[in-house]
Amino acid sequence: MNIVRPSLQLRQQRWQERLARRSRRAEEAQLNVVEGRLRRVVGLTLEAEGCEAPLGARCLVSTATGAQLDTEVVGFADDRLLLMPVTEMHGVLPNARVRPCARAGDLPVGTALLGRVIGADGVPLDGMGPLEADEHATLKREPINPMSRKPIDTPLDTGVRAINALLTVGRGQRLGLFAGSGVGKSTLLGMMTRYTDADVVVVGLIGERGREVKEFVEHTLGDEGRARSVIVAAPADAPPLKRLRGAQYATAIAEWFRDRGQRVLLLMDSITRYAQAQREIALAIGEPPATKGYPPSVFAMLPALVERAGNDAYGRGSITAFYTVLTEGDDYRHDPIADAARAILDGHIVLSRDLAEAGHYPAIDIEASISRVMPAVVRREHMRAAQAFRQVYSAYSRQRDLIAVGAYQKGSDPQVDKAITMWPRLRDFLQQEVDEPMALAQAIEALNGIAEEAST
């Protein structure tokens with residue numbers, strides 16, 4: 001009788017599965033789940049006594065209605081755990097039961113999320129039924145070894161003429177979009193969502209007004225952009241921990257698609273709300289403020305989030321990320337979050353209120369914006385044309401006030417004379433209608449025409 005023996009590869013696979021199951025059981029057994037009691041509630045901070053759980057672990061707190069309040073361990077003091085609610089806090093009683101969970105809950109990822117609007121807890125918000133996701137991922141993971149990353153050497157077509165020509169973006173680059181309120185930030189994000197050459201778009205709406213979430217999805221994004229997008233929304237009325245998770249969840253979804261060789265565009269609106277959520281948590285548990293009310297943990301968490309984007313270690317997938325930075329009073333030079341973002345990002349695009357009030361859209365301030373990887377992803381001729389454009393544009397900007405009041409004398413400066421002649425063409429080049437995308441090659445061709453006129 002012939003006995004069919006399993007192959008060596010099959011036996012190794014079975015042993016690996018057994019080892020994985022035993023490892024999971026060992027991890028679950030490491031946490032001695034002992035129930036505690038709720039002793040104090042101050043603001044959004046809950047103090048539990050009698051139980052032990054590591055930082056980041058989930059704890060369920062019993063409420064008067066019989067439901068369980070989902071919380072996360074954010075610190076500890078002496079023998080008490082400091083908890084922060086993930087959902088709205090209602091019906092919490094003194095001495096309520098606190099039960100640590102054996103494992104932190106992973107959130108759904110995968111292609112089933114495309115076209116969906118979900119919350120920071122993985123629950124659908126669009127009324128299109130439950131998610132049919134087969135895979136789950138943790139909110140936090142280690143960044144890729146910087147020595148293993150593929151260098152940024154390929155340009156990315158965003159469909160926006162001013163960005164393609166003068167602020168060329170590289171695939172895997174991370175940029176900041178600095179803007180105040182009401183200067184066309186959401187409109188520009190919508191244009192990039194619809195027209196950028198990417199396989200998947202992940203949008204994180206963190207700390208935005210609930211009305212703006214629906215408007216962005218239905219009007220700004222549109223059906224074409226939504227079909228290949230995943231929208232993670234954590235509105236302004238959500239608890240700070242939920243807003244924090246929303247940014248991490250959007251990044252985790254982008255990482256899942258990147259790991260499968262996809263070209264991902266990650267739009268985070270905004271990283272300022274992410275920092276403010278961490279500030280609320282840190283101050284609530286007693287961390288001292290450092291810079292304008294922001295504790296040190298904020299400036300440690302910003303690079304930890306941003307460094308997760310970029311190219312992968314094999315050169316197949318990439319995450320090109322745009323992080324919006326809200327500037328108070330349109331002053332991005334003295335805002336601590338804006339200053340920290342400029343230091344850790346690969347460039348920044350500044351939106352000007354003066355341009356927006358003049359009806360100039362997109363209101364990109366070319367002089368204040370820069371793409372640090374542009375020299376590495378474009379040809380030398382393209383760089384020269386962009387420099388020629390900037391020189392003529394800056395020549396006009398320096399004498400703008402004199403020109404406006406008629407005080408400039410023609411012939412005083414040949415470069416300014418040329419700039420005055422070319423100004424209508426420069427202004428038209430930087431403006432663009434929302435429904436009129438321009439490909440990278442076309443933008444470069446148009447830029448070369450302006451550069452030739454400037455050099456004559």
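Over the ring of which residue does the charged end of Arg161 sit? The charged end of Arg161 sits over the ring of Phe429, 5.7 Å from its centre. A charge counts as over a ring if NZ of Lys or CZ of Arg is within 6 Å of the ring centre and within 35 degrees of the ring normal.

## Basis

This is a predicted model, in which local features need pLDDT of at least 70, side-chain atom pairs count only at pLDDT 80 or more, and totals for chains, interfaces and linings use all residues. Residues are numbered from 1 along each chain as its sequence is written, and side-chain values use heavy atoms, with hydrogens and water left out.

## Aromatic pairs

Rings of Phe, Tyr and Trp (its six-membered ring) pair if their centres lie within 6.5 Å; planes under 30 degrees apart are stacked, over 60 edge-to-face, and the rest tilted. By this rule there are six aromatic pairs. One of them joins Phe389 and Phe429, with ring centres 5.4 Å apart and planes at 50°, so the pair is tilted. Phe389 belongs to helix H11 (residues 380–398) and Phe429 to helix H13 (residues 414–430), so that distant parts of the chain, 40 residues apart, are linked. Helices (H or I, at least four residues) and strands (E, at least two) are DSSP runs, numbered from the N terminus.

Phe389 is buried at 1% relative accessibility, and Phe429 is buried at 5%. Here buried means under 20% relative accessible area, exposed over 50%, and partly exposed in between (1.4 Å probe, protein chains only).

The rings of Tyr393 and Trp423 also form a tilted pair, with centres 5.3 Å apart and planes at 40°. This pair again links H11, which holds Tyr393, to H13, which holds Trp423, across 30 residues. Tyr393 is buried at 4%, as is Trp423 at 11%. Phe389, Tyr393, Tyr396, Trp423 and Phe429 make up one aromatic cluster.

## A further charge over a ring

Arg279 lies over the face of Tyr294, 4.3 Å from the ring centre.

## Backbone features

Asp269 and Ser270 are joined by a cis peptide bond, with omega about 10°. Ser270 is in the loop between strand E15 (263–269) and helix H6 (271–284). Another cis peptide bond joins Tyr361 and Pro362, with omega about -10°.

Asp78, although not a glycine, has a positive phi of about 55°. Asp78 lies in the loop between strand E4 (68–77) and strand E5 (80–85) and is exposed at 79% relative accessibility. Asn95 has a positive phi near 60° and is partly exposed, with a relative accessible area of 41%.
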